[in-house]
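Subject: Handover of a structure and notes on its contents

Dear colleague,

Please find the structure below, with its sequence. My notes follow it, arranged by topic.

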Amino acid sequence: MSELTVRAEKLDAADELAAVRGEFVLDEVVYLDGNSLGALPAAVPGRVDDVVRRQWGSLRIRSWDESGWWTAPERIGDRIAPLVGAAAGQIVVGDSTSVNVFKALVGAVRLARSAGESRDEIVVDATTFPTDGYIAESAARLTGCTLRPVTPGQVPGVLSDRTAAVLLNHVDYRTGRLHDLPSLTAAVHAVGAVSVWDLCHSAGALPVGLDGHGVDLAVGCTYKYLNGGPGSPAYLYVRRDLQARFDSPLPGWNSHAEPFGMRPDYEPAPGALRGRVGTPDILSMLALEAALDVWDGVPIEAVRAKSLGLTDFFLECVEEYVPAGLVESLTPVAHEERGSQVALRCADAGDVMKRLIERGVVGDFRHPDVLRFGFTPLYVSFADVERAARVLGQTLGS
């Protein structure tokens with residue numbers, strides 16, 4: 001037994017989150033792709049069966065009231081809120097991340113202009129996940145703004161009294177770099193602009209602090225570190241003091257102050273509810289609600305501590321097991337700049353990942369040469385980490 005194997009056993013024995021692993025459906029595979037799709041929480045199938053057979057099958061339309069379907073978007077939003085550092089009443093669940101980015105970004109421009117200023121520029125993270133860039137370009141056209149793509153580090157230097165909104169990713173999806181949300185949000189506010197943060201790769205992996213840092217608007221998915229299942233609904237955060245002025249570009253009957261009034265004129269519902277649009281996607285939404293049960297009693301600070309421990313240990317194991325010069329880490333070494341994944345540049349990365357998966361280690365590949373490994377602290381163990389690095393070394397050395 002190697003020294004690293006022994007260390008992994010000791011680290012797992014001391015892990016305060018170790019018991020949570022038992023709440024997931026896992027097998028012998030080392031699953032390091034939770035930053036794309038989280039593992040299945042064991043309680044979800046039974047809950048979904050109840051939703052389908054009893055709530056839908058027996059109660060049918062009565063479930064909108066009797067089973068709490070109608071209030072699910074804000075109720076589940078309040079379950080997510082503590083994981084991103086938000087008080088209740090500011091998050092609504094529904095629609096996809098892309099739709100919520102659109103709502104937030106156009107809404108941000110309208111908020112910026114509600115003070116009477118003629119702001120005509122949207123700043124967007126040039127390294128963002130492609131969809132965010134596509135949505136930002138469309139939002140700019142629709143609002144008559146100029147789109148200015150820059151790297152997050154360049155944002156403070158390009159902000160001006162022309163800036164209406166700034167869309168940034170908290171964690172870079174490709175490299176795992178954690179961007180400085182507090183200082184960038186402060187810089188945006190200093191010029192009177194509105195901040196929009198994409199939390200897809202940070203929510204459920206590390207503390208976000210939306211309320212504490214004064215973030216204006218935020219969006220995120222729920223199928224990665226929140227383990228809500230494939231295509232589970234996303235969420236929209238609107239800071240409480242902005243809610244009365246938040247003007248959604250997608251007003252729907254579900255966000256109307258009187259949704260069953262069927263009035264021809266639109267009056268937005270109070271609070272975060274105005275972020276709703278159409279009929280909630282109940283099956284996937286209630287699967288998400290069941291998945292969130294695994295977070296009961298789990299402090300996000302403990303999750304962050306384990307995340308850093310896992311990624312530190314993986315980088316150490318890679319250095320030990322992988323022959324020199326075959327991989328290059330793109331993920332920052334500094335904890336304050338690291339999310340919960342490690343990205344390794346590697347020749348023939350696509351083929352290497354296929355071979356890893358065949359050997360029971362599942363990560364993913366990002367074009368053209370990146371091996372991406374996500375570390376979900378709720379169910380990834382230190383033994384998983386050691387095994388993954390050892391198999392990577394064997395694969396590259398063979």
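Is D265 buried, partly exposed or exposed? At 41% relative accessibility, D265 counts as partly exposed, where buried means under 20% relative accessible area, exposed over 50% and partly exposed in between, with a 1.4 Å probe and protein chains only.

This is a predicted model, in which local features need pLDDT of at least 70 and side-chain atom pairs count only at pLDDT 80 or more, while totals for chains, interfaces and linings use all residues. Residues are numbered from 1 along each chain as its sequence is written, and side-chain values use heavy atoms, with hydrogens and water left out.

Salt bridges

Side chains of opposite charge can pair when their charged atoms come close. A salt bridge here is a side-chain nitrogen of Lys or Arg within 4 Å of a carboxyl oxygen of Asp or Glu. By this rule there are 29 salt bridges.

D265 is paired with R263, and their closest N and O atoms are 3.0 Å apart. R263 also forms a salt bridge with E267, where the closest N and O atoms are 3.2 Å apart. R263 is partly exposed at a relative accessible area of 28%, and E267 is partly exposed at 37%.

A further salt bridge joins D247 and R110, with 3.4 Å between the closest N and O atoms. D247 lies in the loop between β8 (235–238) and α9, and R110 in helix α5 (residues 97–113), so this pair ties together parts that are 137 residues apart in sequence. Helices (H or I, at least four residues) and strands (E, at least two) are DSSP runs, numbered from the N terminus. D247 is partly exposed at 39% relative accessibility, and R110 is partly exposed at 35%. Elsewhere, R47, R79, D293 and D296 are linked in a salt-bridge network.

D33 presents another case: this residue is buried yet has no salt bridge, and the nearest side chain of opposite charge, R372, is 4.6 Å away. For charge, Lys and Arg count as positive and Asp and Glu as negative; His and the chain ends are not counted. D33 sits in the loop between β1 (30–31) and α2 (44–59). Setting aside residues up to four places away in sequence, D33 touches V362, G363, D364 and G374, contact being heavy atoms within 4.5 Å.

Helix packing

Helix α4 (residues 72–80) packs with helix α9 (residues 282–291) at an angle of about 25 degrees, and their axes are 10 Å apart. That makes α4 roughly parallel to α9. The contact involves A72, P73, R75, I76 and R79 of α4 together with M285, L286, L288 and E289 of α9. Axes are lines fitted to C-alpha atoms, for helices over the stretch in contact, and angles run from 0 to 180 degrees between N-to-C directions. Angles under 35 degrees count as roughly parallel, over 145 as roughly antiparallel, 65 to 115 as roughly perpendicular and the rest as oblique.

For helix α1 (residues 3–13) and helix α10 (residues 300–321), the axes come within 12 Å and cross at roughly 170 degrees. These two helices, α1 and α10, are therefore roughly antiparallel to each other. On the α1 side L4, T5, R7, A8 and L11 take part, meeting F313, E316, C317, E320 and Y321 in α10.

Buried strand residues

A165, in strand β5 (residues 163–169), is buried with a relative accessible area of 0%. Apart from neighbours within four places in sequence, A165 is in contact with L105, A108, V109, E121, I122, V123 and V194.

I91 belongs to strand β2 (residues 91–93) and is buried at 2% relative accessibility. Among the residues that I91 touches, not counting those up to four places away in sequence, are P73, G77, Y235, L236 and A272.

Backbone geometry

The peptide bond from H367 to P368 is cis, with omega near 5 degrees. P368 lies in the loop between β12 (364–366) and β13 (370–374).

Two residues other than glycine have a positive phi: N227, near 60 degrees, and D348, about 55 degrees. N227 is in the loop between β7 (217–220) and β8 and is buried, with a relative accessible area of 2%. D348 is in the loop between β10 (341–346) and α11 (349–358) and is exposed at 61% relative accessibility.

Kind regards
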